[in-house]
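Here are my notes on the pockets and the nonpolar packing, jotted down as numbered points. Have the model open while you read.

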Amino acid sequence: MHIYREPSVTNLDFDELASYLEEKIPFVEITTRRPPEANHELGTERLAEKFARTKVKSVESPEKNSNPLYGEIKYEEGLIENPSKDVSGVMYDGHLLSRIYHRLLPEEETDASHLHIIFTKRLFGTWEEKGGRYHARVTLYSYPTLISTSGIVEGPAKPKEFYREKRRLASLGETGGTIERLKEKFKGRFIDYDDERLTEVMKGYVMQALFYHLRSNPFCEKECCRLYNAHWQEEVIRAQLEPPEFCEKHSNILEEL
Ligand SMILES: [Zn+2]
């Protein structure tokens, strides 16, 4: 199992993640690596163009960004050269992003005996026919699997009261610093950027990736289990930060692995 680091996030301890996995699945060799972008043999500009093409043009349209603007390519170039750059406000198509990363994997490791988990701060979404829009995701279970450190903040919904309060403040015409004030008020009830609980939370998502790889199903229907497919921040907190770690069924499966 290969884990690719996201260097810009300070509260995500990849060594701790690796130790956790070594304890849970001692028979699997775990490596942590530099971001896949670091391995590219394409020119930076070519790679930047590929990333720019995966950008979501509008969350309400599945239209691809086939002809990225010069500025968009330059932005991606900057990101490849300086990974600590801010990426807020941009969403990428998860499936297209996964395809780019697939090409950046070492060719001799692209078979089923290798599991690649790529951490990225890029926010990605998947197009949902049903709602007719892109939805931000924490993870994309594919080959390779992607986990977004922005997706954990933007994907699962915050408490209902958060949005109610936000609407109320907006109706009063209050705009300046509203989000910051709301975040302060609801602190602890959602995962924020570079949250100090990030490492603990991500242990569960890496385990979901493992179950996806081994059993094609990353999820569990039990809310208490780390494999629960949480749609709300409070569900993330319950599943990842409160005991037990796994439901009985998944604890047993892990023991028998
Ligand atoms: Zn379970």
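1. Let's start inside. This is a predicted model, and its largest nonpolar core counts 41 residues, with Met1, Phe119, Ile152, Met202 and Tyr205 making the most contacts within it. Elements that each put at least two residues into this core are helix 1 (14–24), strand 4 (116–120), helix 5 (151–154), helix 8, helix 9 (233–241) and helix 10 (248–256). Helix 8 has the largest share, at nine residues.

2. Leaving out residues up to four places away in sequence, Met202 touches Leu12, Leu17, Phe119, Val138, Ile147, Ser148 and Ile152. There's also a second, separate core: 20 residues, including Ala52, Ile73, Val87 and Ile118.

3. Two or more lining residues come from each of strand 5 (123–128), strand 6 (133–137), strand 7 (139–140) and helix 8 (198–215). Strand 6 contributes the most, with five.

4. What is the make-up of the largest pocket's lining by class? It has 14 nonpolar, seven polar and three charged residues.

5. Of its 18 lining residues, Asp86, Val87, Lys121, Ser150 and Tyr193 are closest to the centre. By class, that lining splits into seven nonpolar, six polar and five charged residues.

Terms used. Residues numbered from 1 in each chain as written. Predicted model: local features only at pLDDT ≥ 70, side-chain atom pairs only at ≥ 80, totals over all residues. Heavy atoms only, no water. Helix = DSSP H or I, 4+ residues; strand = E, 2+ residues; numbered from the N terminus. Nonpolar A, V, L, I, M, F, W, Y, C, P; charged D, E, K, R; others polar. 1 Å grid on protein atoms, 1.4 Å probe; cavity = no way out; pocket = protein on both sides within 12 Å on 5 of 7 lines; lining within 4 Å. Core = buried A, V, L, I, M, F, W, Y, C linked by side-chain atoms within 4.5 Å. Buried < 20%, exposed > 50% of the residue type's maximum accessible area, 1.4 Å probe, protein only. Contact = heavy atoms within 4.5 Å.
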